[in-house]
Amino acid sequence: MRTDIFARLDREPEPPKIVAPRMSRHRAALFGGTLAFYLAIVFAVLVTSWLVVLDWKVMLFRPYQQWPELHAFLDYYVVLGQRGPTAVMVACWLGWRSWRQHTLRPLLVLGTSLLLLNVTVGAVKLGLGRLGPHYATQIGSAEMFAGGDIFPSGHTANAVVTWGILAYLATTPRARRYLSAVSATVSLGVGLTTVYIGTHWLSDVVLGWAAGLLILLALPWFEPLIARAESWIFDVREQWRARRRAVRQVRAPGVVPQPVLLPQSIAAEVAAGAGTPAAHLATGARARAHHVPTVCPERPQPAPAGTRRPQPHTEHGSRGTASPAPAGPLTGG
């Protein structure tokens, strides 16, 4: 039975040397072009140009009525653009990569991209306040500043960012190409699905694609901040581990201090009043110098086998008499 297919499930012996992408001239030019396209879409909708007319034509065409057999499948497919399920799936994969490669960069990049997505797309949604197709009030109107939150499409932008992160974090050119194609296909399908269902205008989806691409292109600017955050988290972890080790050493079981039986001369000095800290330290040093064994005074040691236990002295035999005089007949004086 082959077991080499599970070899990559083990942790790598050391973190791999992964070079973070930098903002190259090509990437900067692509970012500038995408930003100009983003602003052009917003302007075209604000002035109610031909793009708004196209939105209404697609909406009145009602694709969900033209191809009703696709509705059941696309209701599930559009979940690939919802922030909660997709973030959990991608976070699980990137969490395993972080554990295997001894690095937090994949998870930190995902968190940074989702934070940028919520801030930028959410601010534009609330600022423009466009209503969706189901809530439109006037045919041919752009439905701007009406209290909605539909422009740009959050589903589309989230699909671009969440699945595009996999291509951004790829470590080989081949994997990056394949994952870029997969993320583009998924985000394109999610955007068109929202138009099919009727929850978004076509211009919402186009602006969502641009918004997600802008976030992916801007991530190299945040790589130094991500590296500092990773280093800080690892430093905090090491400090916490050091504190835990210190607490375990202090609370280690079985380490109970034993009383020390001092020689008679040193005990007399202690009883005489040498109670200063220096005197106690000197006393302890002298006790260790005498190599006095550690014996508990309350529990005398048992005598070796074959030796005679000494008898206790009586009150009258304290001067060297082991026992009182033998009894005999009294003689008178």
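Q: How many helices and strands are there in the protein?
A: In this predicted model, the protein has 12 helices and zero strands. Along the sequence the pattern is accordingly α-α-α-α-α-α-α-α-α-α-α-α.

Q: What share of the 333 residues counts as buried?
A: Of the 333 residues, 32% are buried. The protein exposes about 22,200 Å², with carbon and sulfur atoms supplying 65% of that area.

Q: Where do nonpolar side chains tend to be in soluble globular proteins?
A: In soluble globular proteins, such side chains tend to be buried together. Here the largest nonpolar core has 51 residues, and Phe-151 and Ile-165 have the most contacts inside it. Elements giving two or more residues to this core include helix H1 (25–46), helix H5 (83–101), helix H6 (105–128), helix H7 (154–168) and helix H9 (202–218). H9 provides the largest share, nine residues.

Q: Which residues does Ile-165 touch, leaving aside those up to four places away in sequence?
A: Ile-165 touches Leu-94, Val-109, Ser-113, Leu-216 and Leu-219. Across the protein, 76% of the contacts with a separation of 6 or more join residues 24 or more positions apart.

Q: How do the axes of H5 and H6 cross?
A: Angles over 145 degrees count as roughly antiparallel. The axes of H5 and H6 come within 8 Å and cross at roughly 155 degrees, so H5 is roughly antiparallel to H6.

Q: Which residues in H5 meet residues in H6?
A: From H5, Arg-83, Ala-87, Val-90, Ala-91, Leu-94, Gly-95 and Ser-98 meet Pro-106, Leu-107, Leu-110, Leu-114, Leu-117 and Asn-118 in H6. By class, this contact has nine nonpolar, three polar and one charged residues. Leu-94 in H5 is also among the residues that Ile-165 touches.

How values were computed: Residues are numbered from 1 along each chain as its sequence is written. This is a predicted model: local features need pLDDT of at least 70, side-chain atom pairs count only at pLDDT 80 or more; totals for chains, interfaces and linings use all residues. Side-chain values use heavy atoms; hydrogens and water are left out. Helices (H or I, at least four residues) and strands (E, at least two) are DSSP runs, numbered from the N terminus. Buried means under 20% relative accessible area, exposed over 50%, partly exposed in between (1.4 Å probe, protein chains only). Contact means heavy atoms within 4.5 Å. Accessible areas come from the Shrake-Rupley method with a 1.4 Å probe; for residues, only the protein chains shown count as cover. A nonpolar core is a set of buried Ala, Val, Leu, Ile, Met, Phe, Trp, Tyr and Cys residues joined through side-chain atoms within 4.5 Å. Axes are lines fitted to C-alpha atoms, for helices over the stretch in contact, and angles run from 0 to 180 degrees between N-to-C directions. Angles under 35 degrees count as roughly parallel, over 145 as roughly antiparallel, 65 to 115 as roughly perpendicular and the rest as oblique. Ala, Val, Leu, Ile, Met, Phe, Trp, Tyr, Cys and Pro count as nonpolar, Asp, Glu, Lys and Arg as charged, and the others, Gly among them, as polar.
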